[in-house]
Amino acid sequence: EEMRSLIVEKGLGPVEDDPDALVKGWLQREVRGGVKTHWIRPRKYWFVLTPDSLDYYSSNEKGARRLGSLVLTSLCSVLWPDKQTYKETGYWSVTVFGRKHCYRLYTEHLNEAVHWVCAVQKVIDSKAPVQTPTQLLMRDVEEHCGSPEVLEQIYRCNPILRYTSSPLYAPLLPFPYGRLDHGYTTLRDEAVKLFNSLQQLELERDPVPLMQGVLQTCLDLPPLVDEIYCQLVKQTTEPPAPGGQGDLHYWQLLTCMSCTFLPSPPVLRFLRFHLDRRTESRFPASEMAKYACFIREALGKTKGRECVPSLEEILVLMRRQEMICTVHCPGAPACSVAISSHTTAEEVARELVSRLGLSQSPNLFALYEQSRRREQPVGSATLLADVLTSLAGEEREQDPPCRLCFKHYGLLDTDNVPRDSLEFALLFEQ
């Protein structure tokens, strides 16, 4: 409804003489049948592109009735014509995505289709970025963070910032209109679905699979990372039962998010304010405050993951503990190393070098992924949590299972290795 003001009502003059028209011409649009007849056929209309909307009329004559209008904002998108559609139908297609409507237009000429696409995209690019109420309120919170009275009034007067038991009908952040591939719908729809998943999380006895599903969606659709952070901040602000099981499930998912994804700077500032001023200051020594402290430290180390945390890692993060990683050494017993979600392969290799007394060796050591099919070194900057997740996936398919090994990586001096040393045993086995 608020976008309706952008549509300028046209007079009864000739459609062709519209002074605001940027591009106009005949195009064919898909027309669907009724409930009983599901046919789809193209029908020719007179289209007019203005600085605010894409309108279509029954004809280009004087007094022609406007049949529809698609308001163009910065969130709209347009798809270029593709050869596959032309081969199947004989027409070049132009698809324009709006908030509620999608126009699929067809023309027989490629240059005409490209002309319309470029013109529509130019109008979209000229529009000011759309800001949601949540974004505006995040800015207000940041500006008045030094005034407790003003902050309380902001939170009291704006329920969108607080916990809600009702469903979310629109995302908290702006997303472009248009469909996605890989089995997903639109970003807007996926954001609303994720909020439904969060609400379901409150009642789950075993929340781990649902948490992993949310994390996987964020890995597949990176624009949703900021949205989930905002949704979790919302649901952990003034909940009905602070510290209850449902509230702690939100904090546990927020913990997993902080060890997997880094939000954008505006959302990160809003999240840090929520952790410091709205949680730790209000509920000192509580479970929420402990999670908030853990999350704040994790955000300082997180750089992004290649895999979502495994079920075992999520269970460890829910308890704010470290994982135990087993590393095998040729000719020596296996070593158990405590790691976090941010530990790299180089850090573990360095610890093993120190623990096994190899610090004085001129040779280089590294961790290797070892399975029945292959053996390859693990990159020094690779997160070991990602390696363990990928190895866990391969273990189900292979026998013997995949494992991590500690071996020589660079042989710089093999002549002066003492015969009675552990390094000689490693060198011999290798």
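Predicted model: local features only at pLDDT ≥ 70, side-chain atom pairs only at ≥ 80, totals over all residues.
Residues are numbered from 1 along each chain as its sequence is written, and side-chain values use heavy atoms, with hydrogens and water left out.

The charged pairs come first. Side chains of opposite charge can pair when their charged atoms come close. The structure holds 18 salt bridges, a salt bridge being a side-chain nitrogen of Lys or Arg within 4 Å of a carboxyl oxygen of Asp or Glu. One of them joins Arg66 to Asp55, with 3.9 Å between the closest N and O atoms. Arg66 lies in strand S4 (residues 66-71) and Asp55 in strand S3 (residues 53-57), so this pair ties together parts that are 11 residues apart in sequence. Strands (E, at least two residues) and helices (H or I, at least four) are DSSP runs, numbered from the N terminus. Asp55 is buried, with a relative accessible area of 0%, whereas Arg66 is partly exposed, at 24%. Here buried means under 20% relative accessible area, exposed means over 50%, and partly exposed lies in between, with a 1.4 Å probe and protein chains only.

A second salt bridge is formed by Arg296 and Glu280, whose closest N and O atoms are 2.1 Å apart. This pair links distant parts of the chain, 16 residues apart: Arg296 belongs to helix H10 (residues 287-299) and Glu280 to helix H9 (residues 265-280). Arg296 is partly exposed at 25% relative accessibility, and Glu280 is partly exposed at 21%.

Arg305 and Asp386 form another salt bridge, with their closest N and O atoms 2.7 Å apart. Because Arg305 lies in the loop between H10 and helix H11 (311-318) and Asp386 in helix H13 (residues 384-395), the pair ties together parts that are 81 residues apart in sequence. Arg305 counts as buried at 8% relative accessibility, and Asp386 counts as buried at 5%. Elsewhere, salt bridges that share partners join Glu152, Arg162, Glu238, Arg278 and Arg282 into one network.

Glu423 presents a contrasting case. This residue is found in helix H14 (residues 422-429). Glu423 is buried yet has no salt bridge, and the nearest side chain of opposite charge, that of Arg419, is 12 Å away. For charge, Lys and Arg count as positive and Asp and Glu as negative, while His and the chain ends are not counted. When residues up to four places away in sequence are set aside, Glu423 touches Leu358, Ser361, Asn363, Phe365, His408 and Val417; contact means heavy atoms within 4.5 Å.

The nonpolar regions come next. In soluble globular proteins, nonpolar side chains tend to be buried together. The largest nonpolar core has 57 residues, of which Val141, Leu215, Tyr229, Leu232, Trp251, Leu253 and Met257 touch the most other members. Such a core is a set of buried Ala, Val, Leu, Ile, Met, Phe, Trp, Tyr and Cys residues joined through side-chain atoms within 4.5 Å. Apart from its neighbours within four places in sequence, Val141 is in contact with Leu151, Ile154, Tyr155, Leu161, Phe270 and Phe273.

Helix H11 also has buried residues, namely Glu313, Ile314, Val316, Leu317 and Met318. In helix H5 (residues 187-201) lies Ser197, which counts as buried at 19% relative accessibility. Ser197 touches Leu210 and Val214, residues up to four places away in sequence not being counted. The C-alpha atoms of Ser197 and Val214 are separated by 7.7 Å, although the two residues are 17 apart along the chain.

Ala285, in the loop between H9 and H10, has a positive phi of about 65° although it is not a glycine. Ala285 counts as exposed, at 73% relative accessibility. Arg320 lies in the loop between H11 and strand S8 (323-329) and, although not a glycine, has a positive phi of about 55°. Arg320 counts as partly exposed at 24% relative accessibility.
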